Amino acid sequence: MLQPVELPDEVHIGPVIDEGHSLASVSDKIGGIVLKRKTTLGWILGLLIAFGLMQLLLAAATWLFIKGVGVWGINIPIGWGFAIVNFVWWIGIGHAGTLISAILLLLNQSWRNAINRFAEAMTLFAVMCAGMFPVLHTGRPWLAYWLFPYPNTMDLWPQFRSPLLWDVFAVSTYFTISLVFWYVGLLPDLATLRDTSKKRWQQMTYGMLSMGWRSSARHWQRYEKASLLLAGLATPLVVSVHTVVSFDFAVSMIPGWHTTIFPPYFVAGAIYSGFAMVLTLMIPARKFYGLEDIITMRHLNNMAKVTLATGLIVGYGYMMELFFGYFSGDIYERFGMWNRLTGPYAVFYYCLILCNIITPQFLWSKKIRTNVLALWMISLIVNIGMWLERFVIVVLSLHRDFLPSSWGTYWPTFWDWAVLIGTIGFFLFCIFLFVRVLPMITIFELRMLLPGARVSKEPVAQ
Amino acid sequence: MSVERTEGLHPLYGLMAEFETPGELVAAARRTREAGFRKFDAYTPYPIHELDDAMDLHDNRVSLFTLIGGLCGCAGGYTLAWWVEAVALPLNIGGRPLNSMPMFIPITFELTILIGGLTAAISMLLLNGLPSPYHPVFNVERFASASRNKFFLCIESDDPKFDHGDTVSFLESLKPEEIAEVPR
């Protein structure tokens, strides 16, 4: 496990870690960002902006709880507006973290070592944002515990045949396992911080958090086993989460939702948007913290390739949706697709095609994949495109279903936008805190990539 | 080579040797084991798989517990869904079977992963004796670099073969950078 994969040089662009690093230098560089680096003005400003946006979330939630879900633009027939669009968007973003930490671990991809910690943190924060939406959407979040099976005086139980309840279990399991996996991965690095910090309170804090990890070989052996098992369990989990999310739609009978392509198409879309978000966040972080020698062009190039590949799968999904709509012979399905192309929301659909299918085609060019600014712009466009995709799926299918007499339209209100922007603020706020207090790169896994780290030949003892 | 002594009358936890490279440590660990020591441990800044062989580390209990945890989650998840839908709150919807197996699979699956994953992490921590706020090895000042860039081998005084003088000379024969006493 975790042995660096040897590839001929022309396959990748540059090494996974630049030359000149040693065991001590990677520890000091990553640990130093947390322990030694002065809190910069840029960081404080960024944190304050994110904090300000987060207040918008609090205000929007407060207003929602006072007035009810009517403050949003939702009404029958469109009962699922921004809340569900944003829920699916955020949870999809989370998927890249688990893919990088679990699936690429099982596939022995050594380049994951430099980016997995950051991506997993992103997963946790994105799932937190996602989890807020269904709870807010209930309108009565103080009764959210009704979703869990517990003996009660009403003698009622949740409906285990409902995809919405599967969602509760899938998302809460996903969050728990991601958190555990992330924390287990942090233990050795927290020990490094404990051992290198000079301040008493830091030693105490990181010492507590590291649980007294002492780098013992007997511990490492069980630790590696547990990591591998967690990765093995998280791999089907990450696929299942977006599958279950897609069941929320596919199990219903609404035209445009009731298709078998939804699970794989949703999972690919999740990984697509997740990788785009990793790029969006990591490109600036790498720049501000001078990590170009650790998060190298090879990482960006690989992530761009994954983005392109999953983007193509998503593009296939769009084509198949249209084809199924036509080939079903069902007038409602056919109309649903026709409505996408020519209805009142057609502009959203064309923007979606532009963002998600046309834009990533630039990634075929190696020049663009290795151009940091271009890559960052593409990642932003893909993020927007994936949000539009969820808007198209949720709103367009609901607004004109079977009976023309029950048709309607949905336009978001100020409070819809406030919740979306507020969660983006919350997400960025968490990211800012994370890069300040925890090592954003897995130090011990980085050490394993160094040329001197491998046991080549044991010296003959006399 | 001089042995770094720590003042005071503490009982000794063991003797610790420090190495510069992983190769030297693996060779030293292999020789320590071949010399008949059993209560000893190596400390490295990252997992070294060659040590599993050299120290004969083959603890598979984490896997076993995870399997048991996963199976419990699986059985528990299905039982929960079945009991709720067929026993506690049976709803007759068009005469469909109450034990609607395919619909219970997502819950069964999620609980398998949840309990299995939690068991993997918790059993790893408990088998490793963590959290442990205090451990004698931290009394050696240079040991701080075990989580940074140095490799350590500690032979514990509990080992039946442990004898202060002999063990020191044995460790010296491994050509470490330093040898230190570890007070308890």
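Okay, let's start inside chain A, where the side chains of A:Arg340 and A:Glu321 meet in a salt bridge at 2.9 Å, N to O. A salt bridge here is a side-chain nitrogen of Lys or Arg within 4 Å of a carboxyl oxygen of Asp or Glu. This pair links distant parts of the chain: A:Arg340 sits in helix 10 (residues 331-342) and A:Glu321 in helix 9 (residues 297-327), 19 residues apart. Helices (H or I, at least four residues) and strands (E, at least two) are DSSP runs, numbered from the N terminus. Both A:Arg340 and A:Glu321 are buried. Buried is under 20% relative accessible area, exposed is over 50%, and partly exposed lies in between, with a 1.4 Å probe and protein chains only.

Quick housekeeping. This is a predicted model, where local features need pLDDT of at least 70 and side-chain atom pairs count only at pLDDT 80 or more, while totals for chains, interfaces and linings use all residues. Residues are numbered from 1 along each chain as its sequence is written, chains are lettered from A and ligands numbered from 1 in the order written, and side-chain values use heavy atoms, with hydrogens and water left out.

Now, how many salt bridges does the structure hold over all chains? It holds 16, and four of those are between chain B and chain A. Let me walk you through some that cross.

Take A:Arg218 and B:Asp41, whose side chains meet at 3.9 Å, N to O. That pair runs from helix 7 (residues 217-250) of chain A to strand 3 of chain B. Are the two partners buried or exposed? A:Arg218 is partly exposed, at 25% relative accessible area, whereas B:Asp41 is buried, at 5%.

Another one is A:Arg222 with B:Asp59, at 2.6 Å, N to O. Here we go from helix 7 of chain A to the loop between helix 2 and helix 3 of chain B, and both residues are buried. There's also B:Glu85 with A:Arg161, at 3.6 Å, N to O.

Zooming out to the whole interface: 73 residues of chain B and 63 residues of chain A make the contact, which is to say heavy atoms within 4.5 Å. The two chains bury about 6,000 Å² between them, 65% of it on carbon and sulfur atoms. Buried area is the accessible area (1.4 Å probe) that two parts lose on being put together, summed over both.

Back to B:Asp41 and its strand. On strand 3 of chain B, B:Phe40 and B:Ala42 are on one side, B:Asp41 and B:Tyr43 on the other, and all are buried. In a regular strand the side chains alternate between the two faces of the sheet. Strand 3 runs antiparallel to strand 4 (residues 151-156) of chain B, joined by four bridges; at least two DSSP bridges are needed for two strands to pair. B:Ala42 stands opposite B:Leu153.

Most residues other than glycine have a negative phi, and most peptide bonds are trans. But a cis bond joins A:Ile76 and A:Pro77, with omega about 15 degrees, and the bond from B:Leu130 to B:Pro131 is cis too, with omega near -5 degrees. A:Met211 has a positive phi of about 60 degrees, and this residue is buried at 19%. B:Asp56 has a positive phi near 60 degrees as well, but counts as partly exposed at 41%.
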